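Morning, everyone. I have one structure to walk through today. Please have a look at it first.

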Amino acid sequence: MATTNPETSSTTINIGDDKAKSLPPPPPPPSAAAPKATFFRMARARGGSRRCMSVMDFALRIVAIGATLAAAVTMGTTNETLPFFTPLFRFQANYDDMPAFTFFLIGNAIAGGYLVLSLCYSMVSIIRPRAAGPRLLLLIFDTVMVALTTASASSAAAIVYLAHNGNSSANWVQICQQFQNYCQRTSGAVIASFIAVVILILLVFMSALALRRHIRL
């Protein structure tokens, strides 16, 4: 832009005006909102993964309830009577003839009852995924239930093995050749109990992992 001063008769040319108008405005200074937004986004993502893990925990507990109660009911209703020539001579096999089977029934019934009660604390973990108290309580009692169900299932499995194979050194015969239904039901109950043991171990691992993430935060 050229301007003329009548007094001095000189011409002044301003060169930088057009360039200044064409330059883009400087970027705004970095604010603290971006780091905060990133932090909250990461925290929300972590909370979503914890909630997903809590939902999986709840579903596994329902499956474990079915396994433990099925094992207890199957064992508690197991009995078989062999027909003989006369009604005066009959051979009968009940679950309570073996103390190991009685312990198996009690252990799985206790584990099933505990798992039903633990659903309330599992739902609290779904609603409040950052709460560490319910998760720690579940971790402690789940570990106790792992020990109980493992002991009861192992003791019953030893008796089932003897019933199927016997022991020639101790002159124990194989009773499963006669009591086939009895052995099938007890074997199925033991398998269901070991399934519950595996699920409880997974629950302990998941609770420990959730608490480890909480300690990191």
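First, the ground rules. This is a predicted model, so to speak of local features I need pLDDT of at least 70, and side-chain atom pairs count only at pLDDT 80 or more, while totals for chains, interfaces and linings use all residues. Residues are numbered from 1 along each chain as its sequence is written, and side-chain values use heavy atoms, with hydrogens and water left out.

The overall build. The protein has five helices and four strands. Those are DSSP runs, numbered from the N terminus: helices are H or I with at least four residues, strands are E with at least two. The order along the sequence is β-β-α-α-β-β-α-α-α. There are 217 residues, and 33% of them are buried. Buried here means under 20% relative accessible area, exposed means over 50%, and partly exposed is in between, with a 1.4 Å probe and protein chains only. Now contacts, meaning heavy atoms within 4.5 Å. Take those between residues at least 6 apart in sequence: 75% join residues at least 24 apart.

Now the charges. How many salt bridges are there? The count is three. The rule is a side-chain nitrogen of Lys or Arg within 4 Å of a carboxyl oxygen of Asp or Glu.

Start with Asp57 and Arg61, at 2.7 Å, N to O. They sit four residues apart in helix α2, which means about one helical turn between them.

Asp57 and Arg135 are both buried.

Then Arg61 bridges to Asp142, with the closest N and O atoms 2.6 Å apart. Again this is α2 to α4, so the pair ties together parts 81 residues apart in sequence. Arg61 and Asp142 are both buried. Shared partners join Asp57, Arg61, Arg135 and Asp142 into one network.

Helix α5 comes in here too. Ser207 lies in α5, residues 180–216. Ser207 is buried, at 0% relative accessible area. Setting aside residues up to four places away in sequence, Ser207 touches Asp57, Arg135, Leu139 and Asp142.

On to helix geometry. Expected span is 1.5 Å times one less than the number of residues. Helix α4 has 33 residues and should span 48 Å; its end C-alpha atoms are 48 Å apart, which agrees. Just after α4, Gly166 takes a positive phi of about 70 degrees. Helix α3, residues 99–127, reaches 43 Å from first C-alpha to last, close to the 42 Å expected. It has a kink of about 30 degrees centred on Leu119. That bend is the angle between axes fitted to the seven residues ending there and the seven starting there.

Last, the surface. Which residues make the nonpolar patch of about 510 Å²? They are Tyr121, Leu136, Leu137, Ile140, Phe141 and Val144. Patch residues have over 30% relative accessible area and no salt bridge; like charges are joined within 9 Å, and nonpolar side chains (Val, Leu, Ile, Met, Phe, Trp, Tyr) within 5 Å. Areas come from the Shrake-Rupley method with a 1.4 Å probe; for residues, only the protein chains shown count as cover. Helix α4, residues 133–165, gives the most, with five residues.
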